[in-house]
Structure formats: C-alpha cells, structure tokens
Amino acid sequence: MRDDPPAALSHSTAAVAIATQHGIPVFDALASTALAWATGRLGLGDGLRLQQDALAGMARTGTAVMLTAAKATLAEAGVAAF
C-alpha cells in the first residue's frame, strides 16, 4: 500500500474481482483490506465499514496473514472517522 491510495485502489479492485471470479475467499478478504484502506483514504466510501467487513472475511476464512496490517488500517479508518 506504500501510502499510494490510487494505486492500492486499482490493484485491490482487480484482486477482489479475480478472487471473486475464481471463488477464492481468502484472497478476497486479503485484497479487501487494501481496498477498504484506499477507499477511505480517497474519500470514496466508508473505509471503516469496509475494513470491518474485510476483517470479518478474514475471520470467516481463518486468515491470519496480514491480520496486524488489517487491524492497523481499521484503527486508521476509525481515527479518520472522528
């Protein structure tokens, strides 16, 4: 994500689409984390809600990879919401 919201939005949107198309919920959840972050940073939607949804997807699939980063982006979205 290297603090490049437009690039993160582009790549994560593509990754979510591919994961959805091929029925890979783990990758969908992981890519949704970056999508939520970029969406929130660009003011294109509710990054906090999207990040909560991404974390729920990670929990459903038992995904621990990037869990710390996902929680950090949730915290960032929460701070930005106030």
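**Reading a helix pair and its loop**

Modeller: Start at Thr63, which sits in the loop between H3 and H4. Keep in mind that this is a predicted model.

Colleague: Is Thr63 buried or exposed?

Modeller: Go by relative accessible area. Buried means under 20%. Thr63 has 10% relative accessibility, so it counts as buried.

Colleague: Which residues is Thr63 in contact with, leaving aside its neighbours within four places in sequence?

Modeller: There are Val26, Leu30 and Met58. Met58 belongs to H3, where it is one of the residues that meet H4.

Colleague: With which side chain does the side chain of Thr63 make a polar contact?

Modeller: With that of Thr61, at 2.6 Å.

Colleague: Now the helices. How do I read a packed pair?

Modeller: Two packed helices are described by the angle between their axes and by the distance between those axes.

Colleague: Is the crossing of H3 and H4 left-handed or right-handed?

Modeller: Left-handed.

Colleague: Which residues in H3 meet H4?

Modeller: On the H3 side, look for Gly47, Leu48, Gln51, Gln52, Leu55 and Met58. The H4 side includes Leu67, Ala70, Leu74 and Ala77. Lys71 and Thr73 also take part from H4. By class, this contact has 8 nonpolar, 5 polar and 1 charged residues.

Colleague: Where is Asp3, and what is its phi?

Modeller: Asp3 is placed in the segment before H1. Its phi is positive too, about 55 degrees, and Asp3 is not a glycine. Exposed means over 50%. Asp3 has 53% relative accessibility, so it counts as exposed.

Colleague: And inside H1: is His11 buried or exposed?

Modeller: His11, in helix H1 (residues 5-21), has a relative accessible area of 58%, so it is exposed.

Colleague: How many residues apart are His11 and Phe82 along the chain?

Modeller: They are 71 residues apart along the chain.

Notes: Residues numbered from 1 in each chain as written. Predicted model: local features only at pLDDT ≥ 70, side-chain atom pairs only at ≥ 80, totals over all residues. Heavy atoms only, no water. Left-handed = near helix turned anticlockwise from the far one by under 90°. Helix = DSSP H or I, 4+ residues; strand = E, 2+ residues; numbered from the N terminus. Contact = heavy atoms within 4.5 Å. Nonpolar A, V, L, I, M, F, W, Y, C, P; charged D, E, K, R; others polar. Buried < 20%, exposed > 50% of the residue type's maximum accessible area, 1.4 Å probe, protein only. Polar contact = N/O pair within 3.5 Å; in protein donor to acceptor, adjacent residues only side chain to side chain.
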